[in-house]
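Here is a short briefing on selected local features of one model. Please read it alongside the sequence and the coordinates.

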Amino acid sequence: MKKEIIIFGTGEIAELAHLYITKDSDYDIVAFTADQDLMEGKSFLGKPLVAFEEVLEKYPPSKYSMHVALSYSKLNQVRKKKYFEAKEKGYELVSYICSKSVIWDDVLIGDNCFILENQTIQPTVKIGNNVMIWSGNHLGHGCVIKDHSYLSSHICISGHTIIGESCFIGVNSTFKDFVSVGNRVFVGMGASISRDINDGAVVLAPKSTILDAIDKMAIKIKKIYFNL
C-alpha cells in the first residue's frame, strides 16, 4: 500500500512534484496545502487544497507525510522557511528521487529533497535536507551538498567538492575537485569554479571571447556605415 502524502505548494514546482511522484514513487498524493492568503479555490490538480493553517486538523502528521514543493525564490529562503514550519507541525518530510538515475547505494540523502532524472551520483556523496537537483548532473565521489541548496541542470561537480547551504548553482557550471563553496552563494550559468568561494558571493561566467569578437565587429560596422 502506498504511503499517503500532502504537497505544500500550488505553483509550477508543485505541479512537477505531482507528476513525478505520481508516476515514479511509492507515495500517493491525497491533497495539497498552501498559505491561506495565497489560496485560489479549494482544489488543485483534482485534489483537495487545504490552508496550511488548518492542515493539522484535516491531515494529521500521525497519518500523513508531506513534501514541500517550492522553488529557489529568494535564494531558497522561502522553501527553507516552509520546510521548518512543516517540521514544527510534526510532519515527516519525504524526498523524491527519480528512478532514472545512477546513484550508488552508499550515497546519503536528507529529507524533502527533489532529485530529477539522469543524475550520476558517485560513491560517498552526501546530500543534505531540502535540496533540489534538476536533471542531468554529475556529482563526483565524496562531494557534499548542504541543506536548502538548488542545483540546476548539466552541472559537473568534481570529487570532494563542498557546496554550502542555501546556494543556487546555475546551468552548465563546473567545479574543480576539493573546492569549498560557502553558504548563500549564487553561481551563474556557465561559471567555472576553480578555487574556494566565500559566503554570500556571486560568481558569474567570464564574457565569451566569441561575444567579445562580435561586439568589436559591430563597432567596426557602425564606424564604417554610420561614421560613428
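Asn 76 sits in the loop between strand 5 (65–68) and helix 3 (77–88). Helices (H or I, at least four residues) and strands (E, at least two) are DSSP runs, numbered from the N terminus. This is a predicted model, in which local features need pLDDT of at least 70, side-chain atom pairs count only at pLDDT 80 or more, and totals for chains, interfaces and linings use all residues. Residues are numbered from 1 along each chain as its sequence is written, and side-chain values use heavy atoms, with hydrogens and water left out.

**Positive phi in loops**

- Asn 76 is not a glycine, yet its phi is positive, at about 75°.
- Asn 76 counts as buried because its relative accessibility is 0%. Buried means under 20% relative accessible area, exposed means over 50%, and partly exposed lies in between (1.4 Å probe, protein chains only).
- His 160 also has a positive phi, near 65°, and is a residue other than glycine.
- The loop between strand 16 (156–157) and strand 17 (162–163) holds His 160.
- His 160 has 35% relative accessibility, so it counts as partly exposed.

- Seven strands form an open sheet in the order 6-9-12-15-18-21-23, with parallel pairing.
- Strand 6 (96–97) and strand 23 (202–203) are at the edges; each has a single partner strand, so one side of each lacks a neighbour in the sheet.
- Two strands pair if DSSP finds at least two bridges between them.
- Strand 21 (residues 186–187) pairs with strand 23 in the parallel sense, over two bridges.
- Val 187 is opposite Val 203 of strand 23.

- Six strands form an open sheet in the order 7-10-13-16-19-22, with parallel pairing.
- Its edges are strand 7 (102–103) and strand 22 (192–193); each has a single partner strand, so one side of each is left without a neighbour in the sheet.
- Strand 10 (residues 120–121) and strand 13 (residues 138–139) run parallel and are joined by two bridges.
- Ile 121 faces Leu 139 in strand 13.

**Negative patch**

- Asp 37, Glu 53, Glu 54 and Glu 57 form a negative surface patch. Patch residues have over 30% relative accessible area and no salt bridge, and like charges are joined within 9 Å.
- A salt bridge is a side-chain nitrogen of Lys or Arg within 4 Å of a carboxyl oxygen of Asp or Glu.
- Glu 53 lies in the loop between strand 4 (47–51) and helix 2 (55–58).
- Glu 53 counts as partly exposed because its relative accessibility is 47%.

How values were computed
Patch = residues over 30% accessible without salt bridge, like charges linked within 9 Å, V, L, I, M, F, W, Y side chains within 5 Å. Areas by Shrake-Rupley, 256 points an atom, 1.4 Å probe, with all protein chains shown as cover. Lys, Arg positive; Asp, Glu negative; His and termini not counted. Charge placed at Lys NZ, Arg CZ, Asp CG, Glu CD.
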